[in-house]
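Here is a short briefing on a two-chain model. The sequence and structure come first, then the points by topic.

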Amino acid sequence: MGFSIFRACMTVTICLLLLALFLFPSGMLRSFADEAEAHIRRAGDALLQHDEAAAERECSALCALAQRSVPALERFLNHSNVTALTSAFGIAYAAVRIGDCSAAYEALSDAETALERLKGIELFSPNSLL
Amino acid sequence: MLTLFLRAVFLDLFVLLILRLTGKRQVSDLQPYDLLMTLVIADLASTAIADTDIPLLYSIVPILALYLVQQVLSKLSLKSAAVRRFLCGTPQVLIENGVMQPRVMRRTNYTVRDLLDSLRSKGIFDVGEVAYAILETNGTVSVLPKDAYAQPVKRDLKLPETPAVPKHIVIHEGRIVTSGLKKLHIDRTRIESILNKHGIAPKNVFFAQMDGSGGLHVQLDDAHHNRVERFHEPG
């Protein structure tokens with residue numbers, strides 16, 4: 001009887017834990033991705049307009065965002081995918097600082113791809129299911 | 001390296017907890033689905049143990065999902081015979097009145113050799129002695145011998161019947177096992193006084209087992225040449 005109650009309690013706890021895992025990590029990734037995408041878009045636009053100062057500001061913001069969010073993201077995302085994203089941010093920032101706009105643009109496009117991959121893994125969609 | 005070690009310890013304890021929660025017994029008692037689930041859980045756990053690039057949650061979430069599915073299916077199969085039949089199958093009669101059932105054997109992929117192996121492991125060397133051999137859903141074969149070959153029991157021999165009483169461990173490696181005493185509704189002074197009466201100190205006992213009627217089986221330790229004593233101390 002005691003063990004049945006324990007099992008029932010554990011099953012309820014597991015259900016709640018899974019529910020939390022379905023909601024919180026995806027919410028965290030969604031807000032991170034929204035913020036990162038906004039910075040990437042603005043940095044890309046700035047590069048196209050040859051506004052390197054603005055591009056540098058945005059890339060710096062991207063690096064700061066990554067530094068802030070990586071420990072939490074690595075708790076539920078494949079570490080190599082997270083590393084690919086943060087290195088793309090870092091490369092973009094370094095390229096902007098040395099004035100290599102095409103390399104910076106390429107790195108931002110890599111970051112966008114890495115971000116899409118992370119979203120594809122964690123955020124539920126029929127495509128990611130299959 | 002410490003990370004790998006700690007991940008392995010954590011996942012091992014986690015898998016142990018999940019397997020205990022599934023309430024399964026030894027491997028030979030598992031239904032095919034339960035066995036499959038156990039193997040998949042082991043594989044999922046080992047993936048995250050070895051690869052530190054993968055967060056532990058990549059193993060934990062699928063294991064929890066399998067556990068929940070298993071719990072739901074267990075509950076459904078308890079409630080519905082149809083679900084139970086679908087999940088576990090139905091027992092199949094392989095031998096009926098000494099005659100093998102080739103159609104059933106083909107359907108269940110059970111060869112004559114397999115069947116003879118199973119019969120021999122149960123001490124039966126002649127198919128003709130078997131009234132029924134049934135392939136159970138967990139893959140074991142239950143055998144009912146024909147009446148003429150069945151072992152006689154006390155009732156057949158008209159011997160006096162004694163009530164079956166379970167035995168409980170009361171001393172293990174010199175230590176009194178209080179859980180065993182509780183089941184027998186006696187206290188440690190009772191067991192100590194029985195042993196003292198026979199000149200045995202509890203610390204010299206390797207193993208002692210007692211039943212509710214006062215039957216006591218005592219095996220002394222190595223220093224006393226593993227001597228075995230049997231006493232009957234009712235009351």
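Helices (H or I, at least four residues) and strands (E, at least two) are DSSP runs, numbered from the N terminus. This is a predicted model: local features need pLDDT of at least 70, side-chain atom pairs count only at pLDDT 80 or more, and totals for chains, interfaces and linings use all residues. Residues are numbered from 1 along each chain as its sequence is written, while chains are lettered from A and ligands numbered from 1 in the order in which they are written.

**Helix H3 of chain A**

- Buried residues (20 or more other C-beta atoms within 10 Å of their own; exposed means 12 or fewer, partly exposed in between; C-beta atoms are placed from the backbone) in H3(A) include A:Val82, A:Leu85, A:Phe89 and A:Tyr93.
- A:Gly99 follows H3(A) and has a positive phi, near 80 degrees.

**Chain B overall**

- Chain B holds 8 helices and 9 strands.
- Of its 235 residues, 15% count as buried.
- Contacts (C-beta atoms, placed from the backbone, within 7 Å) between residues 24 or more positions apart make up 43% of those in chain B with a separation of 6 or more.

**Helix pair in chain B**

- The axes of H1(B) (residues 2-22) and H2(B) (residues 32-50) come within 9 Å and cross at roughly 165 degrees. Axes are lines fitted to C-alpha atoms, for helices over the stretch in contact, and angles run from 0 to 180 degrees between N-to-C directions.
- H1(B) and H2(B) are therefore roughly antiparallel (over 145 degrees; under 35 is roughly parallel, 65 to 115 roughly perpendicular, the rest oblique).
- Among the residues making this contact are B:Leu11 and B:Val15 of H1(B), and B:Ile41 and B:Ala45 of H2(B).
- The contact residues divide into 9 nonpolar, 1 polar and 1 charged. Ala, Val, Leu, Ile, Met, Phe, Trp, Tyr, Cys and Pro count as nonpolar, Asp, Glu, Lys and Arg as charged, and the others, Gly among them, as polar.

**Interface**

- Chain B puts 10 residues in contact with 14 residues of chain A.
- Helix H3 (residues 57-79) of chain B gives the most to that side of chain B, with 6 residues.
- By class, this side of chain B has 8 nonpolar, 1 polar and 1 charged residues.

**B:Glu192**

- B:Glu192 sits in helix H8 (residues 188-197) of chain B.
- B:Glu192 is partly exposed, with 15 other C-beta atoms within 10 Å.
- B:Glu192 and B:Ile176 are 16 residues apart in sequence and 9.1 Å apart in space, C-alpha to C-alpha.

Note on methods: Two residues are in contact if their C-beta atoms, placed from the backbone, lie within 7 Å.
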